[in-house]
Amino acid sequence: MTRLHRIASALVGAGALLIMGARPAFAADHAVTSEAIINAPVAEVWKLFTTSAGLESWLGAHVEVDLKVGGSMRMQTDQKGQAGEDNTVVNQILSFEPERMLSLKMSRPPANFPYPTALQSVWSVIYFQPLEPGMTNVRIVSMGYTDDAESQQLMEYARKRNADRLEQLQKKFKPLCARCEKERAAGN
């Protein structure tokens, strides 16, 4: 590519940015981040997020996991329900790095989910960071929210839901680690 072609290409790209506007559709301030230290080794925490038995042990009544890119996680939280019924949540697995990262997109929300339109553009990345021996930092980042009202409501719902789920996972491994107790006492 000649220098003239590179300059023309850069100008076209800059023009496209000006036409689209200065603020991207999915801004950094439109992400939800929830984080918790789990008193268990990363290998164990990974299994709790990526296997049927693991998810059933702390999150859902009936879970089916097909851990592969393009695979799915089907979860029915109703003890009387079966996977596949109206209230089954289906997450598509976008990518993963074992014991490090898992990215998901909800492809089918439960029946009567209040934010179906906003949900179409949202995805989540779950990071697993090994800490001191036997502890794992889990960070969930949900992205794709926009400025519209439904998306902002979904963002607040996700903020509470992700924090609640991480707290539920922490309770599975009570007592909390000494570091966690200090942070909680300090109000962090």
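Visitor: Which strands and which helix each supply at least two residues of the lining of the largest pocket?
Guide: Strands S3 (72–76), S4 (89–97), S5 (101–108), S6 (123–130) and S7 (136–143) do, and so does helix H5 (149–172). The model is predicted, and local features need pLDDT of at least 70, while totals for linings use all residues. Residues are numbered from 1 along each chain.

Visitor: What makes a residue part of the lining?
Guide: A lining residue has an atom within 4 Å of a pocket point; a pocket is an open set of points on a 1 Å grid, with protein on both sides within 12 Å along at least five of seven lines, for a 1.4 Å probe. The largest pocket holds about 690 Å³ of space, and 31 residues line this pocket, Asn91, Met106, Arg161, Asn162 and Arg165 being the closest to its centre. H5 gives the largest share, seven residues.

Visitor: Why is S1 called an edge strand?
Guide: Two strands pair if DSSP finds at least two bridges between them. The open sheet has the order S1-S7-S6-S5-S4-S3-S2, with antiparallel pairing. S1 (32–38) pairs on one side only, as does S2 (62–65), so both are edge strands.

Visitor: How do you know that S3 and S4 pair?
Guide: Four bridges join S3 to S4, and at least two are needed, so the two strands pair.

Definitions and conventions. This is a predicted model: local features need pLDDT of at least 70, side-chain atom pairs count only at pLDDT 80 or more; totals for chains, interfaces and linings use all residues. Side-chain values use heavy atoms; hydrogens and water are left out. Grid points are joined across faces, edges and corners, and a volume is the space filled by probe spheres set on the points.
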